[in-house]
Amino acid sequence: MSGVNFLQLLAAGITVGAVYGLLGLGFVTTLRSSRVANLAQGEFAMLGGMITIFLLKTLHVPYPVSAAIAVALTAFVGIAMYQLVIAPMGRAPFFSMVMITVGVSLFIQNGALIIWGASPASLPGFTGDTPVRFGEVAIMPQSLWVLLLTAVILVVLYLLSNHTLLGKAMTATATDPLAASLVGISIGGVNRWSYAISAAIGALAGLTLAPIVPMSYISGALLFFKGLTALILGGWGLAAGAVVGGFALGIIETFGASLLPAGYKDAIAFLVLIAILYFRPSGIVGGSHEGELKLR
């Protein structure tokens with residue numbers, strides 16, 4: 001493999017990994033406040049992409065407006081999911097909560113199939129499709145948008161968690177819901193915000209990925225698995241871990257796909273997940289929320 005090919009594959013892996021990291025960040029947001037592993041996170045990404053495609057290509061709404069509406073609608077779906085499905089479950093066992101999110105995922109998936117059909121569709125690049133060259137390495141402008149979005153969201157989440165009352169309330173709710181409620185924090189309100197933020201992050205990941213990979217009603221299932229693998233690979237429950245895990249998974253997957261037949265590309269993520277769970281279940285960064293999860 002030449003040096004140029006290596007750098008080209010590395011750039012592709014970092015781009016895909018950034019999307020996986022975004023999906024992992026969505027998982028972290030709900031996990032840290034409500035202690036629920038939301039397995040519908042991939043469907044939020046699918047909705048972000050599909051709603052934007054529908055508004056832009058069918059209703060001819062301007063691109064930025066289509067994207068903003070898609071993010072807002074997906075955030076509303078996240079709030080509705082919490083209010084109608086998660087909140088009524090109360091302090092149900094962790095496994096029951098996970099399974100209810102699987103049901104929501106299937107509901108959204110089949111709803112998307114009815115509304116938009118089964119045919120994949122894609123978006124145009126945010127700023128065109130002319131490659132940007134760094135020496136002999138060509139990078140699509142959309143790849144740079146993906147990296148920029150990941151960096152911005154990571155910074156925003158850091159500022160939210162450490163420098164806002166909402167972020168501190170989310171941390172308090174995750175640490176001890178009873179104590180948080182006793183000091184006047186609205187547990188339901190905090191969780192609604194966390195699901196809205198998580199859904200918005202997923203939607204942004206989906207609409208940013210749609211110019212690179214065509215979207216369909218079934219895309220959410222695969223994106224969920226990649227985001228969850230990124231989260232576990234980096235460090236369960238850690239925002240930085242989700243991003244590190246996403247980059248690692250994207251790079252491993254891209255280089256693996258260059259050496260193996262194309263049909264084995266998605267199987268690489270399964271192998272990575274099995275390996276990390278066996279050899280280092282705490283992930284690359286090293287955090288773990290296993291103790292908190294058992295409280296459910």
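**View 1. Y278 stands exposed, with a relative accessible area of 66%.** Exposed means over 50% relative accessible area, buried under 20%, and partly exposed in between (1.4 Å probe, protein chains only). Please keep in mind that this is a predicted model, in which local features need pLDDT of at least 70 and side-chain atom pairs pLDDT 80 or more, while totals for chains, interfaces and linings use all residues. Residues are numbered from 1 along each chain as its sequence is written, and side-chain values use heavy atoms, without hydrogens and water.

**View 2. Aromatic rings pair up, with seven such pairs found across the whole structure.** F225 and F270 are stacked, since their ring centres lie 4.2 Å apart and their planes meet at 25°. F225 belongs to helix α9 (residues 219–234) and F270 to helix α11 (residues 265–279), so this pair ties together parts that are 45 residues apart in sequence. F225 counts as buried at 11% relative accessibility, whereas F270 counts as partly exposed at 45%. The rings of Y278 and F279, from View 1, have centres 4.8 Å apart and planes at 85°, so they make an edge-to-face pair. Rings of Phe, Tyr and Trp (its six-membered ring) pair if their centres lie within 6.5 Å; planes under 30 degrees apart are stacked, over 60 edge-to-face, the rest tilted. Helices are DSSP runs (H or I, at least four residues), numbered from the N terminus.

**View 3. Y63, F126 and W145 form one aromatic cluster.**

**View 4. Helix α6 (residues 165–175) has buried residues, namely G167, A169, M170, T173 and A174.** These residues share one side of α6, because they cover an arc of only 160° around the axis. The arc is that of the directions from the helix axis to the C-beta atoms. On the other side of α6 you will find L165, K168 and T175, which are exposed.

**View 5. The largest pocket has a volume of about 370 Å³.** Its lining has 17 residues, with L47, V77, V104, F107 and I108 nearest the centre. Helices α2 (41–58), α3 (63–86) and α4 (94–116) each contribute at least two lining residues, and α4 gives the most, with eight. The lining of the largest pocket holds 14 nonpolar residues, three polar and no charged. A pocket is an open set of points on a 1 Å grid where a 1.4 Å probe fits, with protein on both sides within 12 Å along at least five of seven lines; lining residues have an atom within 4 Å of a point.

Conventions:
Points joined across faces, edges and corners; volume = space filled by probe spheres on them. Nonpolar A, V, L, I, M, F, W, Y, C, P; charged D, E, K, R; others polar.
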